[in-house]
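Reader: I have a model open and would like to go through it. Can we start with the charged contacts?

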Amino acid sequence: MAIKAASSLHRPIKIWTDSLSSLMAILNPKSHHSIVREIQTLLLSHKHIHLRWLKAHVGYLGNECADQLAKEAITKGNPFFLPKPLSYLKAEIKSVALSIWQGNWDNGETGRSTHDIVPKVSNKPVGWNTEEIMFVTGHGPFPSYLLRFNLRTHDNCSCGEKGDPIHYATKFPFTLSWHFQTPTVSLKLQWLKNILTNNFSRTRLRLLMHFLCDENNLIVENNN
């Protein structure tokens, strides 16, 4: 970039550059780039400064000198380091933390049913309420869950079948009002995703879980 200035401050100052893209960016009134906006503000308040474009590498002495000095600056100049802004450091820490979290989530041994539905970790909540979380994770008043913690000696429902969440949502006689169609093994994951993305189905699921929590004595077989 070459600058041609007159001795008087009242006379125009012309700034020549071979970067056409930079000039086009400065001419863009909708640009949100902070440096571009700052240059636009300066030009508006200093009407005597004018930007001009010239073709590169055609022998303009001032422009060739500017290019030569720029090359020397990056090859012969003394290096210096600028501290990273706090926002950059926060973004880097967040990125690393999410990467570690994702690795633990992908390689963990527990929560696999939830991982199938939410494979990517995020610091934003998925939007499930307590009843939906209990159903998806299986961490609720189900014999199949209570058996894991030796709170029961078996995982049978009061009707004799295995008392897991899908059983109560599809087959248990006392929850007939909130039944869903029984999924095949291969479509179980898609079945659950469809329920969680449909407002009507989510309401039915919440009512089902309220019933199971309130009437727990009806859903388990005698513990003997």
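**Notes on the model**

Author: The structure holds 2 salt bridges, each being a side-chain nitrogen of Lys or Arg within 4 Å of a carboxyl oxygen of Asp or Glu. This is a predicted model, where local features need pLDDT of at least 70 and side-chain atom pairs count only at pLDDT 80 or more, while totals for chains, interfaces and linings use all residues. Residues are numbered from 1 along each chain as its sequence is written, and side-chain values use heavy atoms, with hydrogens and water left out.

Reader: Which side chain does Arg202 meet in a salt bridge?

Author: That of Glu132, at 2.7 Å, N to O. The pair links distant parts of the chain, 70 residues apart: Arg202 is in helix H10 (residues 199-214) and Glu132 in helix H6. Helices here are DSSP runs (H or I, at least four residues), numbered from the N terminus.

Reader: Pockets next. What volume does the largest pocket have?

Author: About 610 Å³, taken as the space filled by probe spheres set on grid points joined across faces, edges and corners. A pocket is an open set of points on a 1 Å grid over the protein atoms alone, where a 1.4 Å probe fits, with protein on both sides within 12 Å along at least five of seven lines; lining residues have an atom within 4 Å of a point.

Reader: How many residues line the largest pocket, and which lie nearest its centre?

Author: 23 residues, with Ser113, Val136, Thr137, Gly138 and Lys188 nearest the centre. Helix H5 gives the most to the lining, 5 residues. Elements giving two or more residues include H5 (112-117), H6 (130-137) and H9 (188-196).

Reader: And the domains, how far apart are the C-alpha centres of domain 1 and domain 2?

Author: They lie 68 Å apart. The domain assignment, which is automatic or from a database, gives domain 1 as 2-76 and domain 2 as 127-218.
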